[in-house]
Amino acid sequence: MTQPFLSIRKLRKAFGAFTAVHDVTLDIPKGEFLTFLGPSGSGKSTTLYAIAGFQDPTSGDVRLQGKSLLSVPSHKRNIGMVFQRYTLFPHLSVAENVAFPLRVRRRPDTEVKRKVAEMLSLVRLESFAERLPAALSGGQQQRVALARALAYDPPILLMDEPLSALDKKLREEIQAEIRRIHRETGVTILYVTHDQEEALHLSDRIALFRDGRIEQIGTGEDLYLRPATDFVAGFIGNSNFLAAEHLETVGGASTIRLADGALVSGINANGSFAPGQKTRLMIRPEAFRLERSPNNAELAVEIVDVAFYGERRRIVARTSAGQEIDIRPTSSALAAQDVASSRRPVFFDPGAAFLFPA
Amino acid sequence: MLLDYDRLGWLKVALLAFTALVAAFLLLPVVFIVLLSFGSSRWLAFPPPGWTLKWYQELFADPSWIEAALTSARIATMTAILAVTIGLLASFALVRGRFRGREILRGLLLTPMVLPVVVFAIAIYAFFLKLGLGGTTVGFVVAHTVLALPFAIIPIATALEGFDKSIEDAAIVCGASPLQAKLRITLPSIRIGIFSAAIFSFLASWDEVVVAIFMASPTLQTLPVKIWGSLRSDLTPVIAAASSLLVALTLALMIVTALLRRKLQT
């Protein structure tokens, strides 16, 4: 087996009785953009800080190209990091901020100059070189922080929710910037966020954290289209959960009975279920169709509300069992008055629905 | 806001008048001293019959005054250096440290500010007599450093609290050792606090008289002690001149501080 570039082995971090990270094991190939996604307190930042060397793990190991990093102090790990808060050195100009890691490495002046110019052009802030950080917007400050973190060509770049302080539009702009910089430099990036959209936009792979463990790791598509657990399904994208009774599973396709008595077969089975077991059926809001098509299952609903959301409509409907569900057909699918009729069936492909234990 | 200045109405006039009265009460004696130092009356008569600079000439002609001023400056400078150094280290412990008794330590370091000075003066006098430090420069500086510490710790600790530790962490990830990060990033970032601490602790020593009276010896006198001593032996306008110089230097330092703070903050 080839040696992984960055390897996290059974990493555990306990704070007294509370265990923030439970034996996380993870291999990251060179050049990957991997995102640690999860709610706050799920251990994603703690794992990142252990890699940076600001948290000493209780047990486990972090290895870069086969060598353990744990005995190496933070300032000798040669890792780049962009923080959640603005961390530019307030008394130094933008250029001096970017030069700082090179100056502490005692690189010759000509090299420092060349590298600073190269980095500022990478983040497109050449004309701001002489400004002080206080004269920059939040977005510009984070771009300078990115330039500073990359100035010494670190093998790994850690980013801890770097965009959380920015507004939505700026966030999307800098996400595009980060993607471009990842493409241009090929640096391995570990990115922490609690924003699933951000994770989906940016990452090659996403590790979804829950209570200090990795719930699922895979591409954004894996997590969205093939969620391993109901937590993943609920965290990534929007989802409806319908109460269902499991009847039988044959060849990976399950048959269930919904609360209104309707039978649905051909459901993706996630794990094994006993006959008669209480389960939850997950259906994405956009998986619902308003028109009947072959092999689709049918669900009788009462329309409660229809709202126009631009590219999609958002329909709130109630099942006959009294559960509210969220349906998002494309806006062009039909005109508003067509869906406004209060009772009608909606349709979904059983293959796009997932069964989880209740 | 509960008390909006613009909406006070007639109370505004009353408030202004009261403030002016308090300011006058505090400032007038100083103004009188300065005026008297330029007055020609040997008996400090007011209003002065004429104006003169001869008290200042007398002052500068008397080596004992010059020596007292230099002693004051020397002790205040050493006090400032020591108080800022200790204050800086103490501030890191008080702001960053997580240890039992931190709040007690903070209270202890700030007590010289609330403890009656004379109590401290008598205590340290007795103690230094035993150690043989009474009447020495070292004794002076140590005693004044204790008094000046709160004035050094408060501005430095405040500045350090306002400084995001992530910035220091960022410097460390960039490759600076923890010490390097503090010297090259943290200290320059809190320089306003350090600077204020230096000025305040200099002044705390420069115009301190109670402890100084206990510490002084016939050969080692600070300016306030010399003024105090002269006042008791003979009332001469030279004292007014010396006091005016004391006030002038204090004022100059305060103005420089204000200007520098403004410059550093923009």
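These legends go with a few close-up views of a predicted model.

Residues are counted from 1 along each chain as its sequence is written, while chains get letters from A and ligands get numbers from 1 in the order in which they are written. In this predicted model, local features need pLDDT of at least 70 and side-chain atom pairs count only at pLDDT 80 or more, but totals for chains, interfaces and linings use all residues.

**View 1. Chain B is built from helices.** Chain B has twelve helices and zero strands. Helices here are DSSP runs (H or I, at least four residues), strands are runs of E (at least two), and both are numbered from the N terminus. Along its principal axes, the C-alpha trace of chain B spans about 70 × 65 × 30 Å. Of its 266 residues, 34% count as buried, meaning that 20 or more other C-beta atoms lie within 10 Å of the residue's own; 12 or fewer makes a residue exposed, anything in between is partly exposed, and the C-beta atoms are placed from the backbone. Take the contacts in chain B with a separation of 6 or more: 72% of them come from residues 24 or more positions apart. Two residues are in contact if their C-beta atoms, placed from the backbone, lie within 7 Å.

**View 2. Here are the stretches of chain B that UniProt labels.** The unreviewed UniProt entry lists residues 69-257 of chain B as "domain: ABC transmembrane type-1". UniProt positions follow the numbering used here, feature names are shortened, and annotations may be inferred rather than shown by experiment. Residues 69-257 are 83% helix and 0% strand, and their end C-alpha atoms sit 21 Å apart. The entry's "transmembrane region" label covers several spans of chain B, including residues 12-38 and 192-215. Residues 12-38 are 96% helix, with end C-alpha atoms 37 Å apart; for residues 192-215 the figures are 88% helix and 32 Å.

**View 3. Helices α4 and α6 of chain B cross.** The axes of α4 (residues 102-114) and α6 of chain B come within 7 Å and cross at roughly 110 degrees. Axes are lines fitted to C-alpha atoms, for helices over the stretch in contact, and angles run from 0 to 180 degrees between N-to-C directions. The two helices are therefore roughly perpendicular to each other; that word covers 65 to 115 degrees, while under 35 is roughly parallel, over 145 roughly antiparallel and the rest oblique. Among the residues that meet are B:Leu109 and B:Met113 in α4(B), and B:Val146 and B:Ile153 in α6(B). By class, this contact has nine nonpolar, no polar and no charged residues. Nonpolar means Ala, Val, Leu, Ile, Met, Phe, Trp, Tyr, Cys and Pro; charged means Asp, Glu, Lys and Arg; the others, Gly among them, are polar.

**View 4. B:Val138 sits in helix α6 of chain B.** That helix runs over residues 137-161. Is B:Val138 buried or exposed? B:Val138 is exposed, because it has 12 other C-beta atoms within 10 Å. Its C-alpha atom is 31 Å from that of B:Arg96, which is 42 residues away along the chain.

**View 5. Chain A touches chain B, and α2(A) takes part.** The contact takes 18 residues from chain A and 16 residues from chain B. On the chain A side, helix α2 (residues 94-104) gives the most, with three residues. That side divides into eleven nonpolar, four polar and three charged residues. Within chain A, α2(A) also meets helix α4 (residues 138-150), their axes crossing at roughly 30 degrees.
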